[in-house]
Amino acid sequence: TNNLSDGDALPDILDGIDGEIEQVSGDGAYDQRKCYDAIRHHQAKAVIPPRKGAKIWRHGNSKAQRHNRDENLRRIRKVGRKTWKQESGYHRRSLAETTMFRFKMLFGGKLRSRTFENQAVELFLQCAALNRMIQVGKPVSIPVEA
C-alpha cells in the first residue's frame, strides 16, 4: 500500500521467500538498520549503497560481529563507489528496475483482475508477452567471411 515504505516492507518480502537468499540488492532507501537486520536474519549479503556522508555503525575495535553496511562503506571508501558497484554486482539491480519500468510502460501499473488467482495469471501472461517482445527485438548476428 502507499502508507508502507520500501524499508518497512522488506522483512515481510524476505520472509515470504522459500529457499535460500544469497544477496539482497536495494537502493539507498533500504539503508536502514531494520533492513540490514532482516537481511542478516536470512543470512544473505546486503548490497545497499550507504547514503552520502554515512558513518560507520560498528567500529573495527568492537568485539561484535562486523556489520555488512560497514563493510560496504569501508570498501566504497577504499575503491570508490563505481568500482564497489561493479565488484558487488549492484548493477544487476538497475537491470531489474529497467525491466520493471518497461513492464509498467507497456501494461500499466495496475492489475485488471480482482481475484488473486486471476491476477497471477494476468501477470504471467504479461511477463510472457514482454519476454517475447524482447526476443523479437534482438538482432540476429551472422558471421560473414571477408
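**Group meeting: helix packing and a pocket**

Okay, let's start with helix α1, residues 6-15, and helix α2, residues 33-41: they pack at about 10 degrees, with axes 8 Å apart. That makes α1 roughly parallel to α2, where roughly parallel is under 35 degrees, roughly antiparallel over 145, roughly perpendicular 65 to 115, and the rest oblique. The axes are lines fitted to C-alpha atoms, for helices over the stretch in contact, and the angles run from 0 to 180 degrees between N-to-C directions.

A word on the source: this is a predicted model, with local features needing pLDDT of at least 70 and side-chain atom pairs pLDDT 80 or more, while totals for chains, interfaces and linings use all residues. Numbering runs from 1 along each chain as its sequence is written, and side-chain values use heavy atoms, with hydrogens and water left out.

Who touches whom? On the α1 side we have G7, D8, L10, P11 and L14, and they meet K34, C35, A38 and I39 in α2, contact meaning heavy atoms within 4.5 Å.

Next pair: helix α5, residues 91-107, packs with helix α6, residues 116-137, at about 105 degrees, axes 11 Å apart. So α5 and α6 are roughly perpendicular to each other. From α5 you get T99, R102, F103, L106 and F107, meeting L123, Q126, C127, A129, L130, M133 and I134 in α6.

α5 also matters for the pocket list. The largest pocket has a volume of about 180 Å³, and its lining is S25, G26, D27, Y30, R92, R93, A96 and E97. The largest share of that lining, four residues, comes from α5. Volume is the space filled by probe spheres set on the points, which are joined across faces, edges and corners.

Zooming out, the chain has six helices and two strands, in the order α-β-α-β-α-α-α-α. Those are DSSP runs numbered from the N terminus: helices are H or I, at least four residues, and strands are E, at least two. Finally, the C-alpha trace spans about 60 × 55 × 30 Å along its principal axes.

Key
1 Å grid on protein atoms, 1.4 Å probe; cavity = no way out; pocket = protein on both sides within 12 Å on 5 of 7 lines; lining within 4 Å.
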